[in-house]
Amino acid sequence: MSMSFIDLAAQQRRIRGQIDAAIASVLDSGAYVMGPQVREFEARLAVFGQAKLALSCANGTDAIALPLMAWGIGPGDAVFCPSFTFAATPEVVPWVGATPVFVDILEDTFNLDPAKLEAAIAGVKADGKLAPKVVIAVDLFGQPADYPAIKAICDREGLKLISDSAQGFGCTLEGQHPLHWADVATTSFFPAKPLGCYGDGGAVLTNDQDLWDLMDSFRVHGKAVAPDLVGRTFDHDTKYLNTRIGMNSRLDTIQAAILIEKLSIFQEEIDLRQVVAHRYAEGLKGAVLATPGVIAGGVSVWAQYVIEHGNRDGLAAHLKTQGVPTAVYYPVPMHVQAPYAAFPRGVGGLPVTEAKAETVLALPMHPYLGEADQQRIIDAIRAFNG
Ligand SMILES: Cc1ncc(COP(=O)(O)O)c(C=O)c1O
């Protein structure tokens, strides 16, 4: 009997009535773009993420691009980020004409290594060709990066800090959400994400009203926003007064309405994910090279449960025969992908990233993974080891 890698249907069965009603209310209202549910969801999301403000947008990739655009990051600027991440993290950097600088990760958490970050910044400064401007830390597989250490480096070097929390929205460190340290925290509502919608969506959280206004302008074709209108009158829709070159990156009202319902059960789902992660950690003791280590004081939202195994591909093939789906995040690090291979790498290269790409294997993970199915996965892994 096969099982799901991420069982979105189980969640849908639970809240289908509320979702149907939420979608129907948008259909009835006719406000398909920027309807009232968008603002309502932004307000609720900000509260959940301990932020003053949230700005929704079309996807988690644009969510990283919007602050870069608003800060005027461009040619000659260096943006430091991990290579062990989804393409979206580095992809937005060349969009604005800046240069991603790839930094290695920590052995146990897969997240940005603060010491390697410091060395990479020093290397770029010594080289003198690029100006260090921004760090993008990724909350990979759901757990917070080492924000206190990364933030201290950013403060010392005068760098902006983005938390790419597409996989980690809802994670905390010492009870604080990543925005406690970062200038912005971004997320994705791709359906498989811990907080996902039924299509594409994303958001940026910030405590900075001026930045929110600017990003609001960029997400709607550079429309005039309040600060642009100081000292002048414009009697038409401000969408037709374009004060900068922007883009179209709005969250659909239907997706916002769906997300309001999903957000209402999100904390409970995060708690359920802890139970599943704990069962894996106990059941797989001694059976794999490593089960995931979580940073001290951190709570992961477990977007993925990623183990390491010396014969990763053999184990994946075996699990497939047992009806257990798995996935490899990420088989090819970004710094060796063809379009990114010429971008700079931190001092000493990325040996940890390259080694992890050979051993990582993500197991089925979602809040509704039952004990019997999970035991089957654990038994199958143990049986493969013999
Ligand atoms: C780490 C990370 N950053 C950014 C994104 C981009 O999100 P989206 O697919 O919504 O553009 C994703 C997910 O897809 C991701 O995993």
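Colleague: In which sense do strand S4 and S5 pair?

Modeller: The model is predicted, so local features need pLDDT of at least 70, side-chain atom pairs count only at pLDDT 80 or more, and totals for chains, interfaces and linings use all residues. Residues are numbered from 1 along each chain as its sequence is written. Strands (E, at least two residues) and helices (H or I, at least four) are DSSP runs, numbered from the N terminus, and two strands pair if DSSP finds at least two bridges between them. Strand S4 (residues 131-138) has 5 bridges to S5, and the sense is parallel.

Colleague: What is the handedness of the β-α-β crossover from S4 to S5?

Modeller: Between S4 and S5 the chain passes through helix H6 (residues 147-157). A crossover counts as right-handed if, with the strands pointing away from the viewer, the path from the first strand over the helix to the second runs clockwise. This crossover is right-handed.

Colleague: Why is strand S5 described as largely enclosed by the rest of the structure?

Modeller: A residue is buried if 20 or more other C-beta atoms lie within 10 Å of its own, exposed if 12 or fewer, and partly exposed in between, with C-beta atoms placed from the backbone. Strand S5 spans residues 160-164, and it is largely enclosed because the buried residues number 4 of the 5.

Colleague: Which strand gives the most residues to the side of domain 1 that touches domain 2?

Modeller: The domain bounds, which come from an automatic or database assignment, are 8-263 for domain 1 and 267-385 for domain 2. The contact, counted where C-beta atoms placed from the backbone lie within 7 Å, takes 37 residues from domain 1 and 31 residues from domain 2. Among the elements that each supply at least two residues on the domain 1 side are helix H1 (8-29) and strand S3 (99-103). With 5 residues, the element that gives the most is S3.

Terms used: Contact = placed C-beta atoms within 7 Å.
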